[in-house]
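Morning, everyone. Please take a look at the next structure with me.

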Amino acid sequence: MNLDDFKIENMQFILNEDTTLARFYALIPVKERLIERLLEHGIVLKSWFDAVFDSDMEKLEEITGQEQEVVEKFHSLLHLHDFKNRSLKELKSINAEVIENVLSQGYKKSLDILMLASEKSVQEMSALLKIDITEVQRLVAMCQLMRLPGVKDTRASLYYDVGLCSPVAFRESSPEEISEKIAMYLTKTGSEKSMPLKKELATQIAVSKILPM
């Protein structure tokens, strides 16, 4: 199960000043041509770029028409948001007894849950993990949300509570829409959780658009 072997063409969503780090800004003026040349040579997935990067740097320089420094920077950006397989013990916002039940069945990491969710129904997972269906839904959603950059337990639980239950929900939203939802939730509940920065949300939305689902 490969969770971040995305399409090279989708890097257009990441390579913008409001959706990436300043150290990658130099790639923005050349992104269209760079992506175009890679696609022309059949390099359509991140893993395919990596294969050539590891075996023949000169070929990549020739293909992209860019110097080695630019190619290396592009490679770094491709891996900036690599999937992080988090321990389920980090999920403090989920009832401790629920987590213990899941751990006792041999599922320790977020990848374990994502793989299980790809193979079984919510009802089957509930029986297997010995937790309620509502807890299964929350657990799977939290693991999905933690695929987004900078999202750990606190952020994931905030997003889940405002109704953003998967990266797909981010694809269909704008930073302004998400900020409004969160502001209403924080006001209504009196929660002390912090409001995400606009650039943080913009980056998470951009990454949600490239993640394989």
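First, a term: helices here are DSSP runs of H or I with at least four residues, and strands are runs of E with at least two. On that basis the protein chain has 12 helices and 0 strands. Read from the N terminus, the order is α-α-α-α-α-α-α-α-α-α-α-α. Keep in mind that this is a predicted model.

Now the overall dimensions. Along the principal axes, the C-alpha atoms fill a box of roughly 55 × 40 × 25 Å. The chain has 213 residues, and 44% of them are buried. Its accessible surface is about 11,000 Å². Carbon and sulfur atoms account for 50% of that surface.

What about contacts along the sequence? Take those with a separation of 6 or more: 62% of them join residues 24 or more positions apart.

On to the helix pair. Which two helices am I showing? They are H6, residues 110–119, and H8, residues 133–145. Their axes come within 9 Å. They cross at roughly 115 degrees, and the crossing is left-handed.

Who makes the contact? From H6, we have Ser110, Ile113, Leu114 and Ala117. From H8, we have Leu139, Val140, Cys143 and Gln144. How many of these residues are nonpolar, polar or charged? The contact of H6 with H8 counts 6 nonpolar and 2 polar residues, with no charged ones.

To recap: a predicted model, 12 helices, 0 strands, and a left-handed crossing of H6 and H8. Over to you for questions.

Definitions and conventions:
Residues numbered from 1 in each chain as written. Predicted model: local features only at pLDDT ≥ 70, side-chain atom pairs only at ≥ 80, totals over all residues. Heavy atoms only, no water. Axes fitted to C-alpha atoms, helices over the stretch in contact; angles between N-to-C directions. Left-handed = near helix turned anticlockwise from the far one by under 90°. Contact = heavy atoms within 4.5 Å. Nonpolar A, V, L, I, M, F, W, Y, C, P; charged D, E, K, R; others polar. Buried < 20%, exposed > 50% of the residue type's maximum accessible area, 1.4 Å probe, protein only. Areas by Shrake-Rupley, 256 points an atom, 1.4 Å probe, with all protein chains shown as cover.
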